[in-house]
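Reader: Hi! I'd like to talk through this structure with you, a topic at a time. Could you start with the charged pairs?

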Amino acid sequence: MTVSLPNESPEYRTARNSLLAAEADLRAQIENVANLRRDLPKGGRVPHDFEFRTLQGGAASMSSLFGSHDTLAIYSLMYGSQAESPCPMCSAFLDGLNGQIAHLSRKIAFAVVAENTPEKLTNLKTQMGWTELPLFSALGTDYQRDYLAEAEDGSQLPILNVFQRDEHGIHHFWSSELFFQPSDWHPRHVDAAWPLWNILDFTPQGRGDFIPPLR
């Protein structure tokens, strides 16, 4: 199919067709990487059934977070117990996910954990309008430290981890380790799941040096 738009110049169409070919190559490479990810061998077994806390203060074992699914994704929100407010970038990411939970939960289980108290997380959930996000306290567990979400000095890191469950127990599958690779501006480790940056990349200005503020 030959595409053209009103009043475009030949120079624009030539350049756009060249870009289109690059976009098609990128799409193919994204699928290649996704196939490599799906073909990963089984990761390390989870050392124990981490016991998170619900916003009501009750216990919520990691295994219970799977529900009826065999796959669980956990995002670690940068909001330590001494922090006055959560990370704005994490919050913008979770703003976008809040509306997708109903769809995601048809395929996988999803949870957000933070190294903070149930009381503070309850207030945060209300403040941010995260009505659909399953939010849990990881305070008092080794989860953040074990799964790359806490630095040696105790500072919190924004990591997405995926786990699998089968008859042999719970094993790690994948984490957004791209966070630790050099980058010119931002780690871009969860960009594929973040509409904000993908939309901005379609625009003439691009993402630039924009950093979303905390709402």
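Author: Happy to! A search of the whole structure finds 10 salt bridges, a salt bridge being a side-chain nitrogen of Lys or Arg within 4 Å of a carboxyl oxygen of Asp or Glu. Please keep in mind that this is a predicted model, where local features need pLDDT of at least 70, side-chain atom pairs count only at pLDDT 80 or more, and totals for chains, interfaces and linings use all residues. Residues are numbered from 1 along each chain as its sequence is written, and side-chain values use heavy atoms, with hydrogens and water left out.

Reader: Thanks. Which residue does lysine 42 form a salt bridge with?

Author: Its partner is aspartate 166, and the closest N and O atoms are 2.7 Å apart. This pair links distant parts of the chain: lysine 42 sits in the loop between helix 1 and strand 1 (51-53), aspartate 166 in strand 6, and they are 124 residues apart. Helices (H or I, at least four residues) and strands (E, at least two) are DSSP runs here, numbered from the N terminus.

Reader: And how does the relative accessibility of lysine 42 class it, buried or partly exposed?

Author: Lysine 42 is partly exposed, because its relative accessibility is 44%. Aspartate 166, at 30%, is partly exposed too. The classes are buried for under 20% relative accessible area, exposed for over 50%, and partly exposed in between (1.4 Å probe, protein chains only).

Reader: Good. What does aspartate 191 form a salt bridge with?

Author: That would be arginine 188, with the closest N and O atoms 3.2 Å apart. Aspartate 191 is buried, since its relative accessibility is 9%, whereas arginine 188 is partly exposed at 40%. Through shared partners, salt bridges join Arg188, Asp191, Asp201 and Arg207 into one network.

Reader: Which side chain meets glutamate 8 in a salt bridge?

Author: The side chain of arginine 13 does, at 2.8 Å from N to O. Arginine 13 counts as buried because its relative accessible area is 15%.

Reader: Let's switch to cysteines. How many disulfides are there?

Author: The count comes to 0 disulfides, taking a disulfide as a pair of cysteine sulfur atoms within 2.5 Å. Cysteine 87 is in no disulfide, and the nearest cysteine sulfur to it belongs to cysteine 90, 3.8 Å away.

Reader: Now the aromatics, please. How many aromatic pairs does a search of the whole structure find?

Author: There are 12 aromatic pairs. Rings of Phe, Tyr and Trp (its six-membered ring) pair if their centres lie within 6.5 Å, and planes under 30 degrees apart count as stacked, over 60 as edge-to-face and the rest as tilted. Take tyrosine 143 and phenylalanine 163: their ring centres are 6.2 Å apart and their planes stand at 55 degrees, so that pair is tilted. Tyrosine 143 lies in helix 6 (residues 143-146) and phenylalanine 163 in strand 6 (residues 160-166), so the pair ties together parts 20 residues apart in sequence.

Reader: What about the rings of tyrosine 147 and phenylalanine 163?

Author: That pair is edge-to-face, because the centres are 5.1 Å apart and the planes are at 80 degrees. Tyrosine 147 lies in the loop between helix 6 and strand 6, so its pairing with phenylalanine 163 in strand 6 ties together parts 16 residues apart in sequence. Ring pairs link Phe50, Phe52, Tyr143, Tyr147 and Phe163 into a cluster.

Reader: One last stop: where does histidine 172 lie?

Author: Histidine 172 lies in strand 7 (residues 169-175), and it is buried, with a relative accessible area of 14%.

Reader: And what does its side chain make a polar contact with?

Author: The side chain of histidine 172 makes one with the side chain of asparagine 161, at 2.8 Å. A polar contact is a pair of N or O atoms within 3.5 Å; within protein, one must be able to donate a hydrogen and the other to accept it, and residues adjacent in sequence count only if both atoms are side-chain atoms. The histidine 172 side chain also reaches the backbone oxygen of tryptophan 174 at 3.1 Å.
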